[in-house]
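Have the structure open as you read.

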Amino acid sequence: MIDWMKYRWLYLIISATVLLCGVLSLIKWGLKYGVDFTGGTLIEYKFSDGASETLKYPPMEDKDLEKIRLDFKNQGAQEARFENVGPSIGPELVKKTITAIIISAGGILLWVSLRFKSLKFGISAVLGMLHDSLILIGSFSLLGHFMGVEVDFLFVTALLTILSFSVHDTIVNYDRIREINKKYGGELYNVANEATSETMVRSLNNSFTIIFMLLALILLGGETIKWFAVALLMGTVSGTYSSPFVSVAILVTWDKLEKKFKKS
Amino acid sequence: MSPLRKVILIFILFIVCLYISLPLKNHINIKFGKIDIQKKYDLKLGLDLAGGSQLVFEADTSKIAQEKKANSLESLRNIIERRVNLFGISEPSVQTSNFQGKDRIVVELPGINDTKEAQSLIGRTAQLVFAEVIEEPAVNGATHSATLNPTDLTGADLSEAGVSFDQNTGKPAVSLTFTKEGGDKFAEITGRNVGRPVAIVLDNEVVSAPNVQEKIVGGTAQITGSFTLDEAKNLSIQLNAGALPVPVKVVEERTIGATLGQESISKSIVAGIVGLGMVVLFMFFAYGKLGLVADVGLIIFGVITLALYKIIPVVLTLPGIAGFLLSVGMAVDSNILIFERFKEEKDKHSTISDALEISFGRAWDSIRDANIATLLTAFILANPLDWNFLHTSGPVRGFAITLALGITISLFTGIIVSRNLLRLFVKERKEKKND
């Protein structure tokens, strides 16, 4: 049997490094917000030669905007997409999303703790979930700085999806720990090793199927949905990694520390 | 019930759902005694796929007393809905939303790309008042002036408004027919003001102020201004629907051209087929014959889901498609969990069917716990109770609804469908062994 948990500090250090990069980027460069957050106007033009261009404007007076639209119309360009968002929408979106995350996290904490009869399991699962969201946000901060990728409504949706995927995956791992524990009992360290070995193929295979769907979307799904699919893909990879190597690793570390303190 | 019977039932369900989800024959016409089921099933597409406009208006309720607020917002919504319906847009949607004291009306207009007209049609208050003109003679060299004295005759006294043409100039005009009470008021006002003008005031602006020749008792009037035909049409729609109880302004506007939506649909379909194809192949290579059973289950999953989208109906948006694809992943996951379990249990038990039943039983615990956690998140995002502190509209909700639906159906196909198909499949193999 592979001694997965022997290297738990290594996993946590890897996660911490990736998280640190993301958080530093967030502090230094922040996120590149789209019109959904900042307010303003986004127009996608289609020209008669088939080329298209997406233009972004800060919030402005109606008549100035009308002038721009008329100019393009006179050049024979067609508006494929027009979005004009008031400045009050963004903060509202952020508040509602944070509320949704807090309620989801609370609900999941309760559910997991209840099913596995231990607050340790619940907290570790939620930590894994927050790890995945933070990695995703950090990555998009880097993508925003280096490639100009903006975060919008769809990114928020992807973020919330990853919350559910992450927990879904973690619970499958936990379930195996619970079962082995029931059957043979023993040290959580050994049980976690056994469970990780047994669920590894399943976790990878499951991620592959989701990654296939997402790769198809990224390559063939068109521009509107591309970065959304990229966000989901990153989250899937991070969610698969975090289940054994963050949630379970934290669980084992916690268990060890607890025992140490009880002894001393 | 034997597995064979269950499989036959599943097959019947599959055929019914296939019939509903096929794009060609999308109506059902069943006559069974007194029961006559006639229903047309269409896939409802959101604005980002079908093309159209979404306008968000913010209501200015600052001058409305707190206890009257709910009432006036409700009537605001109804009046806007009437205006949109009278304008002749098919399947519009008008919803209210509230967040931190800001009251909004979200209007969705499928197929409309020119929002300027829609904005002026919906956004204008259209408060019509008839006013007496009190002329003040020039005193001490001051210029001749007049003040308006609003009467109690307003847009609320109209029974109907329509487009007409000015008999003298041939220009478009708006004809007004008053209610009985309104007609009496109008007769009284015109009677009082023979030889003087009566002003017709719309949203605090004088549209016209014709001179009254004689007392008008017929209960009809005409507004002649410098209207274009469209303006006359819109004004009559606004007057028929009623004035807005509170002023509104546009805070958000999104328009997607029909071609862009069409492009998104065809690209998503191609991506979906390629992705699904890869999953089907992967399952076959990873799990052999078992994988094929999972693939059959996956096809049944897809057909049932599509049929339910049409029956409920679910408005399909781009994030909704993503939710569907994610639920495909989770549907496959149920099978993977069972098959991985089966690989382990196969050697521990004497018969394959024993190993299979035990694998299903063991895998069920984790499938249930994991899917309930996902359903919990989907429930919070879908916000079915319309809590104001969560998302009440938009892409997040569309995504959550398809995700929740997908998980529920995947529990059915992943457990019941695959299980019975496998029971049948395993039994046959055993019988062959006995021969």
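## Helix against helix across the interface

At what angle do helix 6 of chain A and helix 8 of chain B pack, and how far apart are their axes? In this predicted model, helix 6 (residues 153-183) of chain A meets helix 8 (residues 318-345) of chain B at about 10°, and the axes sit 11 Å apart. Angles under 35 degrees count as roughly parallel, so helix 6 of chain A is roughly parallel to helix 8 of chain B.

On the chain A side, the contact uses Leu154(A), Thr157(A), Thr161(A), His168(A) and Val172(A) of helix 6. Helix 8 of chain B answers with Pro319(B), Leu326(B), Met330(B) and Leu337(B). Sorted by class, that contact has six nonpolar residues, three polar ones and no charged ones.

## The wider interface

Zooming out, 55 residues from chain B and 52 residues from chain A take part in the contact between the chains. On the chain B side, the elements giving two or more residues are strand 14 (248-256), helix 7 (258-311), helix 8, helix 9 (352-382) and helix 10 (395-434). Helix 7 of chain B gives the most, with 14 residues. By class, the side of chain B that touches chain A splits into 33 nonpolar, twelve polar and ten charged residues.

There's strand pairing between the chains too: strand 3 (residues 78-85) of chain A runs antiparallel to strand 14 of chain B over five bridges. Look for Arg81(A), which stands opposite Ile256(B) in strand 14 of chain B.

## A crossing inside chain B

Within chain B, helix 3 (residues 66-87) packs on helix 6 (residues 229-241) at about 140°, with 9 Å between their axes. Helix 3 of chain B and helix 6 of chain B are therefore oblique to each other, and the crossing is right-handed.

Ile79(B), Arg82(B), Arg83(B), Leu86(B) and Phe87(B) of helix 3 make this contact with Ile237(B), Gln238(B), Asn240(B) and Ala241(B) of helix 6.

For the complex, the predictor gives an ipTM of 0.84 and a pTM of 0.81. Chain B averages a pLDDT of 83, and 91% of its residues score at least 70. Confidence in chain B is highest in helix 5 (residues 180-192), at a mean of 90, and lowest in strand 1 (residues 27-32), at 61.

Definitions and conventions:
Residues are numbered from 1 along each chain as its sequence is written. Chains are lettered from A and ligands numbered from 1 in the order in which they are written. This is a predicted model: local features need pLDDT of at least 70, side-chain atom pairs count only at pLDDT 80 or more; totals for chains, interfaces and linings use all residues. pLDDT is the predictor's confidence in each residue, from 0 to 100. Helices (H or I, at least four residues) and strands (E, at least two) are DSSP runs, numbered from the N terminus. Axes are lines fitted to C-alpha atoms, for helices over the stretch in contact, and angles run from 0 to 180 degrees between N-to-C directions. Angles under 35 degrees count as roughly parallel, over 145 as roughly antiparallel, 65 to 115 as roughly perpendicular and the rest as oblique. Two residues are in contact if their C-beta atoms, placed from the backbone, lie within 7 Å. Ala, Val, Leu, Ile, Met, Phe, Trp, Tyr, Cys and Pro count as nonpolar, Asp, Glu, Lys and Arg as charged, and the others, Gly among them, as polar. Two strands pair if DSSP finds at least two bridges between them. A crossing is left-handed if the near helix is turned anticlockwise from the far one by less than a right angle, and right-handed if clockwise.
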